[in-house]
Amino acid sequence: MKIDNANNNDSSNRPNHKNEEQLIAAEEEEEGEQMCRTIEVVDLPMPSPPMLAADGDEFSLVPPLNFSMVDNGIFRSGFPDSANFAFLQTLRLRSIIYLCPEPYPDANAEFLKSDGIRLFQFGIEGHKEPFVNIPEDMIREALKVLLDVRNHPILIHCKRGKHRTGCLVGCFRKLQRWCLSSVFDEYQRYAAAKARISDQRFMELFDISSLKHLPMSFSCLKR
């Protein structure tokens, strides 16, 4: 009897392998379905590359010929064209000193108007030696505009940013108490092989005494 009972118990307690196999198969199928659903959720379309604004593209920022910073809020260059407008916008200019007698081109004038930039034109002729005539009164008036911080940031330019611009910057350096050798070194760095003795002579003889009373609240040496 005990044996029979044991056999009966074994048969009643013996696991049903068929049911377990079905259960495992169902679980695997369910897991497979869940994985497929997960893959479907994750499988998103590739994002498109970000678009760069034209004025924020660093490759479009081209400075004008012979561009450089003179002092805080003061810049110099050759004649800017439309390829340089995006770069000039980064300077947030208030004013431009233009040292040529020719009318400002329409495209440049429109750029100034759209950006609220004021134009100060001093028509200095660009003759070659030995016929160079730099009008001292125009340089003096241009310096008054340059020294007025209400006009800053400001850009000085002529055609190439060499002779007329170099003379104005050189006279400005004399107001900053630069020695003549340093003034000439800077002038020659931009004029290079086109450096003119007459320009350097003009800067040497230029009298700054009538301008010393003007406020100079930027990086000028006050002694």
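## Briefing: a predicted chain and its α7/α8 crossing

Helices α7 and α8 cross with right-handed geometry (a crossing is left-handed if the near helix is turned anticlockwise from the far one by less than a right angle, and right-handed if clockwise). The contact draws on Leu180, Val183, Phe184, Tyr187 and Gln188 from α7, and on Asp199, Gln200, Met203 and Glu204 from α8; contact here means heavy atoms within 4.5 Å. Keep in mind that this is a predicted model, where local features need pLDDT of at least 70 and side-chain atom pairs count only at pLDDT 80 or more, while totals for chains, interfaces and linings use all residues. Residues are numbered from 1 along each chain as its sequence is written, and side-chain values use heavy atoms, with hydrogens and water left out.

**The α7/α8 pair**

- Two packed helices are described by the angle between their axes and the distance between the axes.
- For α7 (residues 180-191) and α8 (residues 197-205), the axes come within 11 Å and cross at roughly 145 degrees. Axes are lines fitted to C-alpha atoms, for helices over the stretch in contact, and angles run from 0 to 180 degrees between N-to-C directions.
- Sorted by type, the residues in the contact of α7 with α8 are five nonpolar, two polar and two charged. The sorting counts Ala, Val, Leu, Ile, Met, Phe, Trp, Tyr, Cys and Pro as nonpolar, Asp, Glu, Lys and Arg as charged, and the others, Gly among them, as polar.
- Ala192 sits in the loop between α7 and α8. Its phi is near 55 degrees, a positive value in a residue other than glycine.
- Ala192 counts as exposed because its relative accessible area is 52%. The cut-offs are under 20% relative accessible area for buried and over 50% for exposed, with partly exposed in between (1.4 Å probe, protein chains only).
- Cys179 is in the loop between α6 (163-175) and α7. It is partly exposed because its relative accessibility is 41%.
- From Cys179 to Glu204, 25 residues along the chain, the C-alpha atoms are separated by 10.0 Å.

**The whole chain**

- The protein chain has eight helices and five strands. Helices (H or I, at least four residues) and strands (E, at least two) are DSSP runs, numbered from the N terminus.
- Reading from the N terminus, the order of elements is α-α-β-β-α-β-α-β-α-β-α-α-α.
- Of the 223 residues, 35% count as buried.
- Take the contacts between residues at least 6 apart in sequence: 68% of them join residues at least 24 apart.
- The chain exposes about 14,400 Å², with carbon and sulfur atoms supplying 54% of that area. Accessible areas come from the Shrake-Rupley method with a 1.4 Å probe, and for residues only the protein chains shown count as cover.

**Confidence**

- Mean pLDDT for the protein chain is 78, and 67% of its residues reach 70 or more; pLDDT is the predictor's confidence in each residue, from 0 to 100.
- Residues 1-12 have pLDDT below 50, and beyond near neighbours in sequence that stretch has zero contacts in the model.
- Residues 32-56 also have pLDDT below 50, with two contacts in the model beyond near neighbours in sequence.

**Around Ser77 and Cys158**

- Ser77 belongs to strand β2 (residues 74-77). It counts as buried because its relative accessibility is 0%.
- Leaving out residues up to four places away in sequence, Ser77 touches Pro64, Leu65, Asn66, Phe67, Leu155, Ile156, His157, Cys158, Gly161 and Thr165.
- One of those partners, Cys158, is in the loop between β5 (154-157) and α6. Cys158 is buried too, because its relative accessible area is 2%.
- With the sequence neighbours up to four places away set aside, the residues that Cys158 touches are Ser77, Gly78, Phe79, Leu99, Cys100, Arg164 and Thr165.
- Cys158 and Gln121 are 37 residues apart along the chain, and their C-alpha atoms are separated by 9.9 Å.

- Asn66 has a positive phi of about 60 degrees although it is not a glycine. It is found in the loop between α2 (17-42) and β1 (68-71), and it is partly exposed because its relative accessible area is 23%.
- A cis peptide bond runs from His152 to Pro153, with omega near -5 degrees. Pro153 lies in the loop between α5 (136-147) and β5.
- Glu141 is in helix α5. C-alpha to C-alpha, Glu141 and Phe122 are 8.5 Å apart in space and 19 residues apart in sequence.
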